[in-house]
Amino acid sequence: MRTNLLQRCRPWLLVLGLAVLVLPAATLPTAAATPNLPALGGASALSLAQERRLGDEIARSLYRSPDFIDDPLLHDYLQSIWQPLMQAAQRRGEVSPELAERFAWELLFSRERSVNAFALPGGYLGLHLGLLAISTSADEIAAVLAHELAHVSQRHIARRIEHGQQQTPWVIGAMILGALAANAARNADIANAAMAGGQAVALQGQLAFSRDMEREADRVGLDIMAEAGFDGRGFVTLFSKLQAAARLNDGGSFPYLRTHPMTAERSADIEARLHDLGPARQAQSPVPAPVHALMAARARVLSETGSDRLQALAATLRASSAGRSASHLPTALENEELGRLYAATLAAARLREPALALHGLQRLQALAPTEPATQEKLRWLQLELLLLPAQALPLAQQQQLGTLLQAALQSDRRAALLLGAQASLQHGTELQRLAIARLQARTSLHPNDALAWQTLAGLHLAQQQPVRAARAEAEARLALLDAPGALERLRAARRLGQAPGAADHIEQSIIDARLRHVEEVARLQALPWQ
């Protein structure tokens, strides 16, 4: 039944199910550690290792979804919000050292335009780009991530499974996923798959939300936000948006409302706690407002899959007006204008219209504030123009961007390095060799960076190094939790390395060692639940 459900249910609909499965909250530490919260039971039914394995199983299916996206710029931006929250949760004791070590603590992104966020067992959290696109501050995104972090840190999946011990953890998860997929999907086949097992609907009701659970996640999340230096009023503005949406028929665009019901009581509770925290804990966000405006605009563009919508966004740049001057705009409108121009410029780049994209970049540079974080985001956008066909760019721009590329390849920032490495494929052997050296250094420190491995594989192919390319592809598959796929690529690398004239004894030794490791990983992944 497990395979049947996973094959027949659309992965991102399954995510919605896991969100409901894990989001009912419980108290860890106990209720005594958090005043006015109920004691919601222990988490003895599922070990940390089992919960992590369950999360890995679901994450693996999500990585295979066409909606999964790893955009280096958005990744770096959201990490700038996530890492302070995680560190704050550890300082507060919400995430114990053991939990920090044993869980994945990974962010996943879906390019879907719907407004949703989710939490999986084992430390996986995710956002739909639609939620980032409608947000107006980094504090609102921090509120979402802190709320989801609280759900995971309290091990809600383990606590709820304790109420259904007649079933294995995976069967319970698959039943809930199937039931929710049936509720959300129009496809009759998915509905039939959802009902497999006969108990899914009952289990869905058993694991439904409660006000106590949501209130606990709000309160713990708010404390984590305050500790991390974010403005807790992000919770309030986020609630206002979602409550407004709740009063309307959202037509499926706000699945977050189904897994996180908005109530006046929750909003009032947060308002009261903000008052208790006082002005000292309502700090200015550590993320500048213009930076968020640019990244929200980026999310809006990357969630679009049709050229018509991209054309509509780029149309802003085709107008004869040179744009409004920043000096004549209030701050809020200035940020709105920045986002509008950024979206139009990125849309033009994705439409392969370099002249229009460069025009947009010039307008952005004239409008943007000079503070470093905003200027950095514009340099990264400029780097993306290097990914356009070189002959499409004016010679002067090619030379200017070439200088930028050199700097990017020396950067320690993931976004700059990956964009620069991708662009180096069009800019000569020497730059490609520099990119390879820098990516090898990165993957040695961050072996689970799938996009870095994939980029490295492309560079090895460009350098006529098929054996190393195949091994890098294998490492990318392993980073995406696909051990069978990694084994296939490693075996291909070994065959390539054994071909006449292809001897590279060091590389072959590495491949043999990695084969033994990945074979063991694949064996463990295939083991049945105990």
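Biologist: Which side chains meet in a salt bridge at 3.7 Å, N to O?

Modeller: In general, side chains of opposite charge can pair when their charged atoms come close. In this predicted model, the side chains of Arg468 and Glu507 form such a salt bridge, at 3.7 Å from N to O. The pair links distant parts of the chain, with Arg468 in helix H25 and Glu507 in helix H27 (residues 505-526), 39 residues apart.

Biologist: Are Arg468 and Glu507 buried, exposed or partly exposed?

Modeller: Arg468 has 31% relative accessibility and therefore counts as partly exposed. Glu507 has a relative accessible area of 5%, so this residue is buried. Salt bridges that share partners also join Arg468, Arg471, Glu475, Glu507 and Arg514 into one network.

Biologist: How many salt bridges are there in total?

Modeller: The count comes to 32 salt bridges. One of them joins the side chains of Glu337 and Arg340 at 2.4 Å, N to O. These two residues are separated by about one helical turn, because they stand three residues apart in helix H18 (residues 331-350). Glu337 counts as buried at 1% relative accessibility, whereas Arg340 counts as partly exposed at 30%. A further salt bridge is formed by the side chains of Asp449 and Arg442, at 2.8 Å from N to O; both Asp449 and Arg442 are buried.

Biologist: Let us turn to the overall architecture. How many helices and strands does the protein have?

Modeller: The protein has 27 helices and three strands. Its chain has 530 residues, of which 56% are buried. The protein exposes about 22100 Å², and carbon and sulfur atoms supply 52% of that area. Among contacts between residues at least 6 apart in sequence, 74% join residues at least 24 apart.

Biologist: In what sense do S1 and S3 pair?

Modeller: S1 and strand S3 (residues 124-128) pair in the parallel sense, over five bridges. Phe109 stands opposite Leu127 in S3, and Leu107 stands opposite Leu125 in S3.

Biologist: Is strand S1 mostly covered or mostly uncovered?

Modeller: Strand S1 (residues 106-110) is mostly covered, as four of its five residues are buried.

Biologist: Which residues have the most contacts inside the largest nonpolar core?

Modeller: In soluble globular proteins, nonpolar side chains tend to be buried together. In this structure the largest nonpolar core has 111 residues, and those with the most contacts inside it are Tyr77, Ile81, Leu85, Trp105, Leu127, Leu149 and Tyr342. Leaving aside neighbours within four places in sequence, Tyr342 is in contact with residues including Leu73, Leu294, Met295, Leu364 and Leu378. The contacts of Tyr342 also include Arg298 and Glu384.

Biologist: Some loop residues deserve attention as well. What is the phi of Gln464, and where is this residue placed?

Modeller: Gln464 has a positive phi of about 60° although it is not a glycine. Its place is the loop between helix H24 (450-462) and helix H25 (466-479). Gln464 is exposed, with a relative accessible area of 67%.

Biologist: What is the phi of Leu481?

Modeller: Leu481, which is not a glycine, has a positive phi of about 70°. Leu481 is found in the loop between H25 and helix H26 (483-497). With a relative accessible area of 15%, Leu481 is buried, whereas Gln464 is exposed.

Biologist: Where does Gly229 lie?

Modeller: Gly229 lies in the loop between helix H12 (211-228) and helix H13 (233-246). At 22% relative accessibility, Gly229 counts as partly exposed. Along the chain Gly229 and Val287 are 58 residues apart, and their C-alpha atoms are separated by 9.9 Å.

Terms used
Residues numbered from 1 in each chain as written. Predicted model: local features only at pLDDT ≥ 70, side-chain atom pairs only at ≥ 80, totals over all residues. Heavy atoms only, no water. Buried < 20%, exposed > 50% of the residue type's maximum accessible area, 1.4 Å probe, protein only. Contact = heavy atoms within 4.5 Å. Areas by Shrake-Rupley, 256 points an atom, 1.4 Å probe, with all protein chains shown as cover. Core = buried A, V, L, I, M, F, W, Y, C linked by side-chain atoms within 4.5 Å. Pairing = 2+ DSSP bridges. Salt bridge = Lys/Arg side-chain N within 4 Å of Asp/Glu carboxyl O.
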